[in-house]
Structures are given as structure tokens and as C-alpha cells.
Amino acid sequence: MTPHLKPIVEHIRETDNFLVLSHVSPDGDALGSMLAMGELLAALGKRVTLFNESGIPSRFSWLAPKREILTTLPENEPDTIIVLDCGSAERTGEVIRPWLASKTVINIDHHLGNPKFGTMNWIEERSSSVGEMVGILSRKLGVPMVGLLGEYVYLALISDTGDFCFNNTRPETLEMAAEILRLGLLPGPFHEQKQSTGTLNQLQMRGEVLRQASLHAGGRVTLIAFTRELFERTGTGPEDTEGLVNTVLYVRGVQVAVSLREEDRGIKFSLRSKGSVNVQAVAARFGGGGHRNAAGGTLEVPMDEAKGTLIRAVTEELDRA
């Protein structure tokens, strides 16, 4: 057992009342690991509350979790807070911040550069997902990954590995997926539910964005952009952009894909890369973070300026790679 995991296992066994949370605007790994942790703690007979400041995105409504995810702090204060998939304390949101400074915090994450803001920290940068780490924890605590626990871990696994296509897919990742399937998960119906969440508006919006995709740096970089005007005109929103950056990464000759999204406080950027190109280093230049091949952040500048800034930064990183 990794030395960072042992005290966490002991603390969970000895403690009763937990609050579990993941980063705001949760993706599949953040949501899956949070729900999985809730099922794991409940299986151990613990009191557990789930919290996420921004709630569940509508694209995950098919999950219909049996455990409520609060968007405001509960009246009953927890003994311990478990923070999942947050590369920094800021990713937890504003509401929880006072409790993070005053309570026992278990920080479980796999992002590069995590500052270890918890009382106890288990950071595994090589792990495919935080959901995989929750799966390891369930083994250590003697809880089999059956039923909802297995489904939620599986969601996290496929979300952060691109359905096991990204380089972060390790033999251990596939072995965990196989374990969950042996315990009863049927991948066909699961993926059907996960994929059948789109709308015609979303499809038309994405088509418009893809028509305007552009190549840069001699065809090594592709860029797409989502404006507030586009969202308003097509009746879509930020969550409808999910995953499109991965689509444009696989244009022939492209090594880095850049996605820009206009928000109230600036331009949210997402970066994806192939091979050894380190987009986490690019994101870090602008206060962002993530992984070598998947990173992001925010630029507080207009859209056109953000395009130029990121294309230059990505091109410089490509020339160094």
C-alpha cells in the first residue's frame, strides 16, 4: 500500500461523518469519483453527504443518482471533507472554502502540480482518473465494486481515458474495468445511456463551430471557438461543448487542439495534445493546470486576443517538443 494511502484508509475506518465533493462544473471523472466515494462510504456504514457547488450538469441526468448532491452546505457539519479531482483548492468553488480551512481534509487527485492543500494528500499523477483511485481505495477497504459503485468508477475510467483510447490508459486501468464487468456491469446499455443525451440544437451548434475550425502553426494546431452569441442563437450552453476539442485533435497532422469558450469572466480554454507535447506547461503559464495531454484555464481577455495568445504559446511549446 502506498504510504499516502495507508493513513487515509485508517482515517476512513475510524471516522463516521463525511462530506464528499469534486470540482465545480464536474466532468465524468469528478462526478463519477464523487458518487463512487459516496457509495463506498455508505457501504461501510458511514454517514455521508455529497456536495458540488454547481450541481450535476444536465448531460449526466441519465445517471439519476440515488444520493442527493447538495449545492449548499449542509446544516450538519462533517468530521472530514474528502476532496476529489481538484488540482487546487480554488477548483472546489467559493462556498466550501471556510470549511476547507477548519476541518480535516482528504485531498485525492491526479493532476500535475497539485499543491497538496489537504490535511492528508494522495496524489497519483500516473493514475488514469480519480475514479481509478477510488476503486483502489474500495479494494483496500474490502468493498467490491458492484452495482452503483462499479458504475460510477467505470464512468470515471472511460471519461478520463477517452473510452480507453488516451495514453493514460494503463494495464491497471483495464484490469479495473474488467473487474467491474465481471461483477455485473453491462457496457452496452451503459454506453447507450451515456451517449443518448444530445439534442438537435447541440448538433447544429457543433456543426457551425466545426465549419469555422481553423488550422495554425503549419497545420500542427487546430482551433475552435464558442461565443455567447452562438449559445444564445442556438439555444445551447457551455456544457454542450463537452468533448468537441477531442474531435478536432484528430485532424491529420494536428498535434494540439485548442478550444475557446466565452464566459462572463473571460475566455475558458481547453487544450489537448498528442504524444509528448506538454499542454499542461502551456496552461500553467496562464494560471491553469491539468495533465500533459489535457489541460485548461481562463484568460481574462477578449476572444480575438485569447486566440492569438494561445496559438503563440502552443506554437512555442511545439517548437520545444
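Me: Is Glu208 buried or exposed?

Reply: This is a predicted model, so the answer describes the prediction. The cut-off for a buried residue is a relative accessible area under 20%. Glu208 has a relative accessible area of 17%, and therefore Glu208 counts as buried.

Me: With which residue does Glu208 form a salt bridge?

Reply: The closest N and O atoms of the salt bridge that Glu208 forms are 2.6 Å apart, and the partner is Arg233. Glu208 lies in helix α8 (residues 200-211) and Arg233 in helix α9, so the pair ties together parts that are 25 residues apart in sequence.

Me: How many residues apart are Glu242 and Arg59?

Reply: Glu242 and Arg59 form a salt bridge whose closest N and O atoms are 3.2 Å apart. The pair links distant parts of the chain, with Glu242 in the loop between α9 (228-234) and α10 (244-249) and Arg59 in the loop between β2 and β3 (69-70). Glu242 is partly exposed at a relative accessible area of 41%, while Arg59 is buried at 17%.

Me: Which strand holds Arg47, the residue paired with Asp16?

Reply: Asp16 forms a salt bridge with Arg47, and the closest N and O atoms are 2.6 Å apart. The pair links distant parts of the chain, 31 residues apart, with Asp16 in the loop between α1 (5-14) and β1 (17-22). Asp16 is partly exposed at 28% relative accessibility, and Arg47 is partly exposed at 43%. The strand that holds Arg47 is β2 (residues 47-51).

Me: Which residues are linked with Glu132 in a network of salt bridges?

Reply: Glu132 sits in helix α4 (residues 130-140) and is buried, with a relative accessible area of 1%. Leaving aside neighbours within four places in sequence, its contacts include Leu157, Thr173 and Met176, and a polar contact of 2.4 Å joins its side chain to that of Arg170. The residues linked with Glu132 in the salt-bridge network are Arg170 and Glu172.

Me: What is the phi of Phe164?

Reply: Phe164 is placed in the loop between α5 (147-161) and α6 (171-182), and it is partly exposed, with a relative accessible area of 24%. Its phi is positive, in a residue other than glycine, and the value is near 65 degrees.

Conventions. Residues numbered from 1 in each chain as written. Predicted model: local features only at pLDDT ≥ 70, side-chain atom pairs only at ≥ 80, totals over all residues. Heavy atoms only, no water. Helix = DSSP H or I, 4+ residues; strand = E, 2+ residues; numbered from the N terminus. Buried < 20%, exposed > 50% of the residue type's maximum accessible area, 1.4 Å probe, protein only. Polar contact = N/O pair within 3.5 Å; in protein donor to acceptor, adjacent residues only side chain to side chain. Contact = heavy atoms within 4.5 Å. Salt bridge = Lys/Arg side-chain N within 4 Å of Asp/Glu carboxyl O.
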